[in-house]
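Biologist: I'd like to talk through the charged pairs in this one. Can you take me through them step by step?

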Amino acid sequence: MDHHHHDIDICSLSDAIHRFRKKKIKVAVFVAATMLKCGVVTDQDVRDGAPDLSAYGEEKEVYDIGLGLGEDHPPTTILIKKELQRKILYQLSPLEDSTLAAMLLRPGPILALTKATFEETEDADDVPRIYIRTSQDNITTPEQQEKQEAMIKKWPPSDVYLLDSDHSPFFSSPFLLFGLLVKATVCYGC
C-alpha cells in the first residue's frame, strides 16, 4: 500500500510492481497516491504528481524547503509547514493522531520526484491495482481531481474505490479503509 505524504513515495509502489510483479504481489493498493506506470517521464508527470497548494499561500509560506546542494541549486527536500499540516493533511483526523504524525513527519526528497523512472514491462499489468480516492482530501483541488482522473485513465487500475476521508484515511477513517483493503483482498484472491 502506498499512501503519499506530498508524494514523497511518488513511485515506490510502481517500482515494487515492476520489480516483483505477480510473483510476490497479489494486489497493489494506491491510496490518494501518484500512479504512473513508467514513473516521472515528462514535465507533465511532474506537474501531475506535485500537489497544487497555492490556495494556502506562496510556496515559501506553505513549505519548508531544503537546499541541500546549496543556494544556487534546485531544492532537495520539501515539507509542508507545521502550522498548515493539520489543515492540509489531517483535517478530519483525531487531534492526537495528527499531533503525533506532525512530530514524525520528515522532509520529502524532492529530487526523487523528478528522477523516478522505470522501463515499461508487460508483466506490470498482471498485478491487480486498486486506486482509493479520498473525497474530502484538501490536497486534491478540483484541478488536481481532473489530473487524478487523467492519471487513472492513462494506466487504468482494476478498480477505483471512493473513501469519504481526508488525505490520511489511516487516521480519519481507519475502519472504512480497512473494509476496502479487505474487499480488495477478497476480490483479487489474496
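Biologist: Is K37 buried or exposed?
Modeller: Keep in mind that this is a predicted model. The cut-off for buried is under 20% relative accessible area. K37 has a relative accessible area of 15%, so K37 counts as buried.

Biologist: Which residue does K37 meet in a salt bridge?
Modeller: Look for a side chain in the loop between α6 and β6, since K37 itself sits in the loop between β2 and α2. The pair ties together parts that are 88 residues apart in sequence. The N to O distance is 2.8 Å, and the partner is D125.

Biologist: And what is the relative accessible area of D64?
Modeller: D64 lies in strand β3 and pairs with K81, which is in the loop between β4 and α4. Their closest N and O atoms are 2.8 Å apart. K81 is buried, at 17%, whereas D64 is partly exposed, with a value of 37%.

Biologist: How many residues apart in sequence are the parts that R21 and D123 tie together?
Modeller: The two side chains meet in a salt bridge, 3.5 Å from N to O. R21 belongs to helix α1, while D123 is in the loop between α6 and β6, so the pair ties together parts whose separation in sequence is 102 residues.

Terms used: Residues numbered from 1 in each chain as written. Predicted model: local features only at pLDDT ≥ 70, side-chain atom pairs only at ≥ 80, totals over all residues. Heavy atoms only, no water. Salt bridge = Lys/Arg side-chain N within 4 Å of Asp/Glu carboxyl O. Helix = DSSP H or I, 4+ residues; strand = E, 2+ residues; numbered from the N terminus. Buried < 20%, exposed > 50% of the residue type's maximum accessible area, 1.4 Å probe, protein only.
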